[in-house]
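Subject: The structure I promised you

Hi,

Here is the structure to look at, with the sequence alongside. Open it up first, and then read on for what turned up in it.

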Amino acid sequence: MTMKAGVVYAVNDLRVSEVPKPVPKQDEVLVKVQYCGVCGSDSARVYGTALYHYPTVIGHEFAGVVVEDAQGELVGKKVAIFPLLPCFACEECARKSYVTCKNYDYYGSRRDGGFAEYIAVKRWNLIILPDDMDCKLGAMCEPVSIAKHASDRLQISGGENVLVTGAGPIGILVGLWLKKKGVKQVYYTDLDARKLVVAKEIGFADYAETGGLAMDCAVEGTGCSAPLETCLQAVKAGGQLVCLGNPHADIALSRNAYWCILRKELTVRGTWNSSYNDIVNDWKASIQAIANGEIQPAFLISHVYPLDKINDAFEMIKGKQEFYSKVLIDCGVEA
Ligand SMILES: [Zn+2]
Ligand SMILES: [Zn+2]
């Protein structure tokens, strides 16, 4: 039996191919993928050298329906998938900080992922979705969880003004979580004016229009030096900064920006991925918040391409030909 999958064979060589349909092992179920989101990091796996080996089926933001389960109980259930497979042996795993595992595996980067009709997924990585949840929203659980984790790295008591640099899907989702926590306003910067229009449409503000208003907190969402500097300058004495954006190159700071950390006694924290354990589970919290309408990510889905047209999706993103926010690949096939 074969299936269609979006396979990266080499740098710049993404193709939809017929590959063997996976056979689930004892600790796995077979998931029929419905939707898989294109992450910013996926472009580096197609056009750059971010992959560990070739060929690899990429895609790590996916949701679908369980179609085979040796234990029988999950067949027909809609699921989202936590894409990280911890080693369960290192000291980080021992304290259940699975995202800082020293020897992890990952669906869609280190092993085959979700731009495929089917994927065998370990039971441990499944999060059951409510029956009535659209799998498009299921595929949004990954970015919603990343954003929740980042927002939780700020200590919010209510009434704060927060600057978020970068108004892409993750940045906007961080803002939605912060609003839910009771911040007064979330201000954005972005090089793309259209993203700021989207932010304002849903009630956020454009930081450039404030004349340099002092912020209680900031979230650096771009991984670039200039926005980091903006954050450090903008935050008040005693304020907090969370670094979220993946760096695209070396990060450099002016001496004055560095002084800000010292002289304003700033608290700077990093955020990485999401918590997924039985004490803190960003995924379960995200699904609950989506299900009860507290977090509504659907408006961020700007494009849906069928799996056959996955190259068009990547080319559109690469060429920035159109305004896009979250791009999903529809992997759905007849059951
Ligand atoms: Zn991602
Ligand atoms: Zn580990």
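Let's start with a zinc site. Along the sequence, the residues that donate to the zinc ion (ligand 2) follow the spacing C-x2-C-x2-C-x7-C. Those protein donors are Cys-87, Cys-90, Cys-93 and Cys-101, each through its SG atom, and they lie 2.3 to 2.4 Å from the ion. (Donors are N, O and S atoms within 2.8 Å of the metal, or 3.2 Å for Na, K and Ca; water is not among the atoms, so sites may look incomplete.) The angles among the four donor atoms run from 101 to 120°, and the site is tetrahedral; for four donors that word asks for all angles between 85 and 135 degrees.

Before going on, a word on how to read all this. This is a predicted model, where local features need pLDDT of at least 70 and side-chain atom pairs count only at pLDDT 80 or more, while totals for chains, interfaces and linings use all residues. Residues are numbered from 1 along each chain as its sequence is written, chains are lettered from A and ligands numbered from 1 in the order in which they are written, and side-chain values use heavy atoms, with hydrogens and water left out.

Cys-87, at 26%, counts as partly exposed.

Now for the other zinc ion. Cys-39 (SG) and His-60 (NE2) coordinate ligand 1 at 2.1 to 2.3 Å. This pair links distant parts of the chain, 21 residues apart: Cys-39 is in the loop between β3 (28–38) and α1, and His-60 in the loop between β4 and β5 (61–69). Helices and strands here are DSSP runs, numbered from the N terminus (H or I, at least four residues, for helices; E, at least two, for strands). Cys-39 is buried at 18% relative accessible area, and His-60 is buried at 3%.

Most residues other than glycine have a negative phi, and most peptide bonds are trans. Phe-88, though, has a positive phi near 60°; it sits in the loop between β7 (84–85) and α2 (91–94) and is partly exposed at 48%. Asn-273 also has a positive phi, about 55°, and lies in the loop between β16 (267–270) and α9 (282–291), where it is buried at 11%. Tyr-54 and Pro-55 are joined by a cis peptide bond, with omega about -10°, and Pro-55 belongs to the loop between α1 (40–46) and β4 (56–57).

Last, have a look at Glu-160, in the loop between α4 (141–152) and β11 (161–165). Which side chain of opposite charge is nearest to Glu-160? That is Lys-236, 9.5 Å away, and Glu-160 is buried yet has no salt bridge (a side-chain nitrogen of Lys or Arg within 4 Å of a carboxyl oxygen of Asp or Glu). Its side chain does reach the backbone nitrogen of Gly-158 at 2.9 Å. Ser-157 is in the loop between α4 and β11 too, and is exposed at 72%.

Cheers

Conventions: Buried < 20%, exposed > 50% of the residue type's maximum accessible area, 1.4 Å probe, protein only. Lys, Arg positive; Asp, Glu negative; His and termini not counted. Polar contact = N/O pair within 3.5 Å; in protein donor to acceptor, adjacent residues only side chain to side chain. Tetrahedral: all angles 85-135°; square planar, octahedral: opposite > 155°, others 65-115°.
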